[in-house]
Amino acid sequence: MDETILEIDGLWCGYRNRAVLQEVGFAVSKGDFVGVIGPNGSGKTTLIRAISGLLPLQKGVVLLEGKAIGEMGRKELATKVAVVTQSPETTPPFSVEEFVLLGRVPHWGRLQFLETRRDEEIAKRVMALTEIAHLRGRGMGELSGGERQLAYLARALAQEPELLLLDEPTAHLDIGHQVQIMDLLRRLNRENSLTIMTVLHDLNLAGLYCERLILLHEGRLHRIGPPKGVLTEGVIEEVYRTAVMVMEVPVKDRPIIFPVPGEE
Amino acid sequence: MARDKLPLWIGWVAFLSVLLLVVALFSLGVGAVALPWREIPLLLFHGKGTPEHTILLQVRLPRVLLGAAVGGALAIAGVILQGMFRNPLVEPYTLGISGGAALGVSLNIVSGGSHKLGLFSLPLSGFLGAIGVISVVYILSTRGRVMRLSRLLLIGVMVSFIASSLIMLIMALTKGEDLHGIIFWIMGSLEEPNYSLIKTIIFISLGGIFISLIFAVDLNALSLGEEEAFHLGVEVERVKKILFLLASLLTGCCVSVTGIIGFVGLVVPHLVRLLVGGDHRILLVASYLSGAIFLVLCDTVARVAIAPMELPVGVITGLVGGSVFIYALSRKGVSF
């Protein structure tokens, strides 16, 4: 069970000469459900980009199943790590099904031109799993925000990754869709033992669903551990510079955070 | 789903191929000497020695072949560029390639080089001009290993302006026959007496569609955005460079032989996308065939509309292409 899938050590990463992440190190076991939290600009998205290979590392190592990601080919990495990015900028000119099938592309050879039967079966399965099978013929531009996010998740799952990275999958969604997405992630994690690492802005969702939390603060790893240990009044007040009240959800043994309005 | 779409795709390709054949036969038949299209195959293969055979083989067939090759090449150059820029307004000429070719040809004409160097001299100078612009645009828009597409587009547009200003300068300083030569070349024409040049273009054009199909799946991934394509395992920077060079070279080769024939690379991909959808695996093939059909048809109109005078084919492509496009947009209520 405690097999390590992702190991990060002494990681410095950022843009041009500016290091956003400084000296970050941690390990993720197979089957873990990790939430990445922290204030705006603390380096959450940069961390996802570093692990997915999008940003070159300035220092340190990122090992996936013991192998440095810099030494892996693009396709090899894309068959192991799938990424659901934060609100992608363009509307894909495809139907939902065509879009989900694109998730199979990393598994294709250079000259492969058509989907195989297996590709289609996998697409069908992940669309059923994400409950978008009825939308298969719909254009991507015709979807609501929640449906769209599910389609992106389905495409990532079609890659059959070992590690699923998500950057704020619940942003801009109503509470129903937030819970739908998080429930789905938890089910994938428990039933398919998929390793999940997701950036979350909503501390309550992070506390309710994740097994472990990574709290980033000014580009450094501030805290790591189970939600109860990370989401304390003291830690949040220090990092987010705002007063909060933390209570416990009685049944689940998980913290719930209330913001405390400032003095009038 | 691609697999159950395959019959549909094959249907489109078959339909467009037949249409291309019909249009080609039609184009071979009309002109000062009208030839019934039923007899054309017979005349081509068994009519040696007759004047009709000579007209077909030496006047009309080269034109049809060149039109098909250039129309197809410009259309797929448009598909590639629109796909990778994710911008519906980009076309082969936006990037200044035609401007560069026109500048090369203008310089050649005014310096009198074309008289000394013979038939190949104009296309060669056009091609060198195009290559010059492609290199400038490529170098200026690439920092380190990364090619920035927004930068590429801006630089292309600016280079285009600079080239056309220089051409106007040259024209202002030129008189008589040379000026006429420049204007005539810029307007574009499929009249090309040199058979080996036509063969070269056909070869390049077919090579272009073949290579672009290898990258059709990458283009599909790129149409989601560069970051998304990266996460799908596409070597984004390498693919972008290859596609840019492919589209540029196709355009450069076509322009240097035929002059500037606008609109094919802009309008054809759009119309075809309305018909077959955004999947580049069918979009590229269907656009290639449609571009060929469109240009052969426009050239036929240009030849016979006010015979014995000939209209510049670029005028027809612009008029027909623009009107058809506006009609299609307003009818289907499609939004881009």
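# Cavity and interface of chains A and B

The largest cavity holds about 90 Å³ of space. The model is predicted. By the rule used, the count comes to one cavity of 30 Å³ or more. Chain B also touches chain A, with 32 residues of chain B in contact with 36 residues of chain A.

**The cavity**

- The largest cavity is lined by 12 residues, and the closest to its centre are E98(A), L102(A), E115(A), D279(B) and R281(B).
- Two elements give two or more residues to this lining: α3 (96–101) of chain A and α10 of chain B.
- Sorted by class, the lining has seven nonpolar residues, one polar and four charged.

**A residue pair in both topics**

- E115(A) and R281(B), listed among the residues closest to the cavity centre, join their side chains in a salt bridge (3.2 Å, N to O).
- Between chain B and chain A the count is five salt bridges.

**The interface**

- The size of an interface is often given as the accessible area lost when the parts come together.
- Chain B and chain A bury about 3,100 Å² between them, and 57% of that is on carbon and sulfur atoms.
- Nine residue pairs, both residues at pLDDT 80 or more, are in polar contact between chain B and chain A.
- On the side of chain B that touches chain A, the elements giving two or more residues are α1 (2–29), α9 (195–214), α10 (216–222) and α11 (226–231) of chain B.
- α1(B) gives the most to that side, with six residues.
- By class, that side of chain B has 14 nonpolar, six polar and 12 charged residues.

Technical notes
Residues are numbered from 1 along each chain as its sequence is written. Chains are lettered from A and ligands numbered from 1 in the order in which they are written. This is a predicted model: local features need pLDDT of at least 70, side-chain atom pairs count only at pLDDT 80 or more; totals for chains, interfaces and linings use all residues. Side-chain values use heavy atoms; hydrogens and water are left out. Contact means heavy atoms within 4.5 Å. Buried area is the accessible area (1.4 Å probe) that two parts lose on being put together, summed over both. A salt bridge is a side-chain nitrogen of Lys or Arg within 4 Å of a carboxyl oxygen of Asp or Glu. A polar contact is a pair of N or O atoms within 3.5 Å; within protein, one must be able to donate a hydrogen and the other to accept it, and residues adjacent in sequence count only if both atoms are side-chain atoms. Helices (H or I, at least four residues) and strands (E, at least two) are DSSP runs, numbered from the N terminus. Ala, Val, Leu, Ile, Met, Phe, Trp, Tyr, Cys and Pro count as nonpolar, Asp, Glu, Lys and Arg as charged, and the others, Gly among them, as polar. On a 1 Å grid over the protein atoms alone, a cavity is a set of points where a 1.4 Å probe fits but cannot get out, and a pocket is an open set with protein on both sides within 12 Å along at least five of seven lines; lining residues have an atom within 4 Å of a point. Grid points are joined across faces, edges and corners, and a volume is the space filled by probe spheres set on the points.
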